[in-house]
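Please look through the sequence and the three-dimensional view shown here before reading the report. The headings that follow take the topics one at a time.

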There are 2 protein chains.
Amino acid sequence: MRIGETHWRTIWPEADGSVGIIDQTKLPFAFETVTLRGVADAARAISEMLVRGAPLIGATAAHGLALGMREDPSDRGLEEAAIRLMATRPTAVNLRWALETMRARLSALPPAERAEAAAALAAEIADEDAAQNRAIGTHGLEVLRAIAAERGRVHVLTHCNAGWLATVDWGTATAPIYLAHDEGLDVHVWVDETRPRNQGGHLTAWELANHGVPHTVIVDNAAGHLMQRGEVDIVLTGTDRTAANGDVANKIGTYLKALAARDTGVPFHVCLPSPTIDWSLASGADIPIEARDPGEVTHVRGLAEGGVVRAQVTNPGSPAANPAFDVTPARLVTGLITERGIAEPSRQGLATLFPDRAA
Amino acid sequence: MRIGETHWRTIWPEADGSVGIIDQTKLPFAFETVTLRGVADAARAISEMLVRGAPLIGATAAHGLALGMREDPSDRGLEEAAIRLMATRPTAVNLRWALETMRARLSALPPAERAEAAAALAAEIADEDAAQNRAIGTHGLEVLRAIAAERGRVHVLTHCNAGWLATVDWGTATAPIYLAHDEGLDVHVWVDETRPRNQGGHLTAWELANHGVPHTVIVDNAAGHLMQRGEVDIVLTGTDRTAANGDVANKIGTYLKALAARDTGVPFHVCLPSPTIDWSLASGADIPIEARDPGEVTHVRGLAEGGVVRAQVTNPGSPAANPAFDVTPARLVTGLITERGIAEPSRQGLATLFPDRAA
């Protein structure tokens with residue numbers, strides 16, 4: 001998407017075979033790119049969250065495996081690279097999907113052909129993600145158009161960053177927003193700051209500002225009040241893993257917003273490319289929830305006089321806990337917006353859109 | 001309550017007629033007291049939140065009016081001091097209650113007697129608040145004892161600071177917790193950090209740590225997940241204003257936690273001294289919600305290398321909105337814990353406990 005007048009993706013191949021990414025831990029206070037030269041770089045980029053967002057984690061893992069094939073294309077090299085990348089983050093299922101897709105194709109090839117094939121396959125996975133998000137955008141756009149036709153405007157509330165920075169391009173929850181804005185609908189976005197890591201205030205606000213979409217940052221606590229007051233027309237979020245019954249694991253706090261949407265009659269849609277669906281999971285209860293460093297709760301990154309600081313924002317000495325995701329049950333979801341259309345949030349709803357994949 | 005081995009209140013008369021307070025904007029990174037010498041000092045202490053919390057706002061306004069009577073005990077002085085103090089914060093009804101109580105009593109006296117009477121009356125209002133909170137504690141303790149008897153432990157979740165720092169002493173939501181801890185129950189508190197001003201992470205964590213109560217700070221987003229996982233036995237919050245039907249206005253985000261409690265079957269109790277009840281309001285829909293400075297959303301106060309900083313935590317240039325309270329409807333509240341016992345959250349429930357005040 002746009003940064004000023006330039007079009008960017010979040011991940012791209014360089015001419016020398018290395019892979020470029022935007023270092024998202026530096027945003028919004030600095031824009032820096034990083035070059036990944038091997039599987040260790042890619043694994044670090046995922047685990048330290050230079051890249052994040054389920055679809056982008058998948059694409060980075062694919063590119064990481066391709067870098068691994070340049071280092072060691074043997075069966076053992078393939079195995080070790082996949083294991084190393086798989087261990088970086090536990091919740092997003094796109095990671096597993098991308099690695100399994102790559103391994104299945106690469107293991108059938110002789111080692112000498114793997115590096116080139118892997119690079120091509122990683123690029124294909126990245127292109128496919130961008131295309132899927134664009135398609136999510138067109139389906140979601142219909143929903144936003146219907147609201148705009150009725151109310152003359154659309155106030156969207158979104159949580160975390162399910163924007164283009166979380167994907168290869170377009171974003172999941174933001175794809176309908178960008179398309180709506182570009183065709184002239186009066187769209188405004190309430191951006192949950194999304195503690196603890198502030199991906200809303202840091203990343204979503206940054207990308208909406210760069211694209212020129214009107215938006216307002218709020219604390220996570222404010223979403224319910226705005227819905228009670230009729231200030232929210234629709235909630236759009238992403239998901240890190242969707243169970244076969246339509247339960248969705250997404251950034252911690254999504255469940256609270258879904259409850260408020262239900263209580264106030266606001267539609268709550270989840271936007272997802274199909275690799276985010278874990279067909280092996282009967283319900284969200286089985287989705288592993290990552291417990292991250294409590295330091296993300298006790299400290300924040302911000303811009304103070306003199307530069308970027310890491311500041312403690314809790315009572316020194318008080319312990320903290322940091323569950324990174326929660327599960328929103330399908331009963332609270334209005335629709336699952338996928339690249340094939342909008343599914344009812346149920347086993348049957350998903351199976352109807354994806355008869356080729358549902359068990 | 002305890003800071004180390006010393007017992008403190010949040011507000012106290014000094015020998016020279018001035019009034020001492022703890023500067024809560026400095027906590028938890030520094031402990032400083034401030035002396036209020038006139039009505040202007042008191043108004044500034046409330047509006048700039050050196051003191052906050054509905055009961056403490058009321059007590060500070062009472063002491064402020066007493067300081068005003070030392071400056072100008074005329075009818076006009078009384079009128080002007082009351083108007084000035086009334087304008088400091090819009091949501092907490094204790095402010096109005098304290099000022100009206102003081103004015104009714106003082107206006108009946110000749111000006112020459114007002115300064116002394118006002119100081120005595122302010123001290124009485126402060127003592128009464130401490131006693132009311134202690135009584136709330138004994139009623140709430142019964143609820144915590146029942147949970148402990150069944151489960152062997154009590155995990156309380158609380159939002160914002162309804163602790164002794166929000167009152168003259170004991171706190172509202174914390175009074176049952178301190179009593180339970182002091183009698184040896186295995187009580188642990190999940191402390192919502194409570195963005196934007198972080199009164200949970202700054203104040204509640206600080207006072208629980210100083211009293212030795214086990215606690216864990218979480219981001220506001222995490223409360224629902226913990227309830228889904230059975231990690232919360234009860235939610236205890238305060239309220240800034242309670243309508244006659246039991247709807248409660250409290251710190252922004254309270255509504256979201258109440259929704260999660262209802263969805264997961266966790267009891268949700270609101271602790272309040274009766275001056276927090278606005279008998280003139282039929283429902284919470286009429287409670288004015290303070291819109292505070294968006295700078296509280298875009299910037300946080302924290303401790304970095306070299307000292308306390310104010311750091312921007314959102315994309316520079318992105319606008320922000322800052323509604324400070326929300327209304328939790330009575331239907332989501334399990335019980336209203338008052339100094340007279342636990343009321344059902346309804347007009348009839350409150351009227352049964354307070355037949356002398358209900359209209």
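The report below goes from the whole chain to the paired copies and then to single residues.

## Basis of the report

This is a predicted model, in which local features need pLDDT of at least 70 and side-chain atom pairs count only at pLDDT 80 or more, while totals for chains, interfaces and linings use all residues. Residues are numbered from 1 along each chain as its sequence is written, chains are lettered from A and ligands numbered from 1 in the order in which they are written, and side-chain values use heavy atoms, with hydrogens and water left out.

## Chain A as a whole

Chain A contains eleven helices and 18 strands, where helices (H or I, at least four residues) and strands (E, at least two) are DSSP runs numbered from the N terminus. Its radius of gyration is 20 Å, close to the 21 Å that the globule rule gives for 359 residues, so chain A is as compact as a globular protein of that length; the radius is taken over C-alpha atoms, and the rule is 2.2 Å times the number of residues to the power 0.38. Along its principal axes, the C-alpha trace of chain A spans about 60 × 55 × 45 Å.

Of the 359 residues in chain A, 63% are buried, a term that means under 20% relative accessible area, with exposed meaning over 50% and partly exposed in between (1.4 Å probe, protein chains only). Among the contacts in chain A with a separation of 6 or more, 74% are between residues 24 or more positions apart, a contact being heavy atoms within 4.5 Å.

## Two copies

The same surface serves both copies, since 100% of the contact residues of chain A recur in chain B.

## Buried and exposed positions

In chain A, A:V270 belongs to strand β12 (residues 268–271) and counts as buried at 0% relative accessibility. Beyond residues up to four places away in sequence, A:V270 touches several others, including A:T237, A:V248, A:V333 and A:I337. A:T60, in helix α2 (residues 54–71) of chain A, is likewise buried, with a relative accessible area of 0%, and its contacts outside four places in sequence are A:I11, A:L36, A:A42, A:I46 and A:V51.

On chain B, B:D75 lies in helix α3 (residues 75–86) and counts as exposed at 53% relative accessibility.

## Backbone details in the loops

A cis peptide bond with omega of about 10° joins A:R195 and A:P196, and A:P196 sits in the loop between β7 (187–192) and α7 (199–211) of chain A. In chain B, a cis peptide bond with omega of about 0° joins B:L27 and B:P28, with B:P28 in the loop between β4 (19–22) and β5 (33–36).

A:C160 has a positive phi of about 60° although it is not a glycine; this residue lies in the loop between β6 (154–158) and α6 (174–182) of chain A and is buried, with a relative accessible area of 7%. B:N198, also not a glycine, has a positive phi of about 60°, and B:N198 is buried at a relative accessible area of 1%.
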